[in-house]
Amino acid sequence: MDTMRDRLAPAVSRLLDEDPRVAVVLAEIGRDGFTDAWRRHPDRVINVGIREQLLVGAGAGLALTGMRPILHTFASFLVERPFEQVKLDLGHQGVGAVLVSAAASFDWPAGGYTHMAPGDVALLDTLDGWTVHVPGHPDEAEALLRHAVAAGDDKVYVRLSVQSNADRRPVDGEHFVTVREGRSGVVVAVGPLLDAVLTATEGLDVTVLYATTVRPFDAAALRLATESAGTDVVLVEPYLADTSASAANDALRDVPHRVLGLGVRRAELRRYGTAEEHTAAHGLDARSLRERISAFLGTRAGAGIAIAPGT
């Protein structure tokens with residue numbers, strides 16, 4: 001199966017052909033995928049070189065002229081390094097763009113800590129008005145990208161990852177999807193962690209919600225799920241742990257509840273290894289998730305099927 005990022009250049013190239021407002025701004029990374037699109041639209045495929053602050057500034061300038069810019073590079077260079085430009089050139093100027101990242105939290109460990117950005121969504125949470133999509137499958141990534149471009153002049157972040165679920169799910173750019181129903185708690189699985197969550201909760205009496213749009217947070221879906229499953233909530237996110245805890249707490253502020261946030265831990269892993277090793281080290285593999293979810297919900301960890309070592 002191709003990756004989410006494999007879909008990016010073909011999908012954006014089609015959008016360039018279809019919509020004269022669309023422009024793409026690159027900072028060297030990913031430029032080869034847009035060679036043909038640049039030949040057809042040399043004024044709307046722009047490579048600023050390794051200048052990430054300029055990447056965002058140029059995108060904001062295009063937006064001020066009425067264009068719908070798509071900005072792409074690794075997450076650490078798209079959100080963290082040019083954060084001042086994201087805050088001022090887009091937010092303060094009151095213009096929007098579609099930021100599409102790659103590498104996610106630790107997709108390319110060999111790149112080192114400079115190429116990891118587990119705090120990207122939490123950082124955008126400090127700003128007002130951002131929509132955040134976290135697809136879990138290449139088909140979902142393409143659908144959410146189109147949704148983002150069509151979202152008027154909004155500020156949208158599309159977070160791509162190498163990790164992917166086996167199957168696509170219906171996504172509409174707004175709502176959580178109920179994948180499994182139970183009565184002993186609610187587990188919200190974000191993007192590419194759905195498969196691990198489904199394996200981890202097999203045989204457990206829990207509701208599983210699938211989230212590919214995490215901002216705005218679908219408070220209505222969470223509240224509805226807790227009406228039958230109870231108000232113990234586990235958030236499983238592929239970025240910094242507890243990133244959405246405040247949003248879940250706000251959704252349930254008028255009822256007694258508990259929230260457990262699982263995600264990337266704050267401790268830096270200095271032996272970079274593989275992405276799979278990072279997943280396990282952060283407790284996001286199926287076996288670790290089962291133990292942590294079961295302990296929190298008071299459910300016997302051995303219930304249901306056994307999980308093979310290394311899963």
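Phenylalanine 176 is buried, with a relative accessible area of 8%; here buried means under 20% relative accessible area, exposed over 50%, and partly exposed in between, computed with a 1.4 Å probe on protein chains only. The model is predicted, so local features need pLDDT of at least 70 and side-chain atom pairs count only at pLDDT 80 or more, while totals for chains, interfaces and linings use all residues. Residues are numbered from 1 along each chain as its sequence is written, and side-chain values use heavy atoms, with hydrogens and water left out.

**Exercise 1. Determine how many aromatic pairs there are, and describe the pair of phenylalanine 74 and tryptophan 108.**

Step 1. Rings of Phe, Tyr and Trp (its six-membered ring) pair if their centres lie within 6.5 Å; planes under 30 degrees apart count as stacked, over 60 as edge-to-face and the rest as tilted. The count by this rule is three aromatic pairs.

Step 2. Between phenylalanine 74 and tryptophan 108 the centres are 6.2 Å apart and the planes make an angle of 65°, which is edge-to-face.

Step 3. The two partners come from distant parts of the chain, 34 residues apart: phenylalanine 74 belongs to strand E3 (residues 68-74), and tryptophan 108 to the loop between strand E4 (98-102) and helix H6 (120-124). Helices (H or I, at least four residues) and strands (E, at least two) are DSSP runs, numbered from the N terminus.

Step 4. Phenylalanine 74 is buried at 12%, whereas tryptophan 108 is partly exposed at 43% relative accessibility.

Step 5. Phe74 and Trp108 form one aromatic cluster together with Phe77.

**Exercise 2. Describe the pair that phenylalanine 176 forms with phenylalanine 217.**

Step 1. The pair of phenylalanine 176 and phenylalanine 217 is edge-to-face, with 5.2 Å from centre to centre and 90° between the planes.

Step 2. This pair also links distant parts of the chain, 41 residues apart: phenylalanine 176 is in the loop between strand E6 (155-159) and strand E7 (177-180), and phenylalanine 217 is in the loop between strand E10 (213-215) and helix H9 (219-229).

Step 3. Phenylalanine 217 is buried at 17% relative accessibility, and phenylalanine 176 is buried at 8%.

**Exercise 3. Give the volume and the lining of the largest cavity.**

Step 1. On a 1 Å grid over the protein atoms alone, a cavity is a set of points where a 1.4 Å probe fits but cannot get out, and a pocket is an open set with protein on both sides within 12 Å along at least five of seven lines; lining residues have an atom within 4 Å of a point. Grid points are joined across faces, edges and corners, and a volume is the space filled by probe spheres set on the points.

Step 2. The whole structure holds one cavity of 30 Å³ or more, and the largest cavity contains about 50 Å³ of space.

Step 3. Its lining includes Met4, Leu8, Val100 and Glu142. Helix H1 (4-18) and helix H7 (138-149) each supply at least two lining residues.

Step 4. Seven lining residues are nonpolar, none is polar and two are charged. Ala, Val, Leu, Ile, Met, Phe, Trp, Tyr, Cys and Pro count as nonpolar, Asp, Glu, Lys and Arg as charged, and the others, Gly among them, as polar.

**Exercise 4. Describe the largest pocket and the place of threonine 279.**

Step 1. The largest pocket has a volume of about 350 Å³.

Step 2. Of its 20 lining residues, Phe106, Gln163, Ala275, Glu276 and Thr279 lie nearest the centre. H11 gives the largest share of the lining, four residues.

Step 3. Threonine 279 is in helix H11 (residues 275-281) and is buried at 14% relative accessibility.
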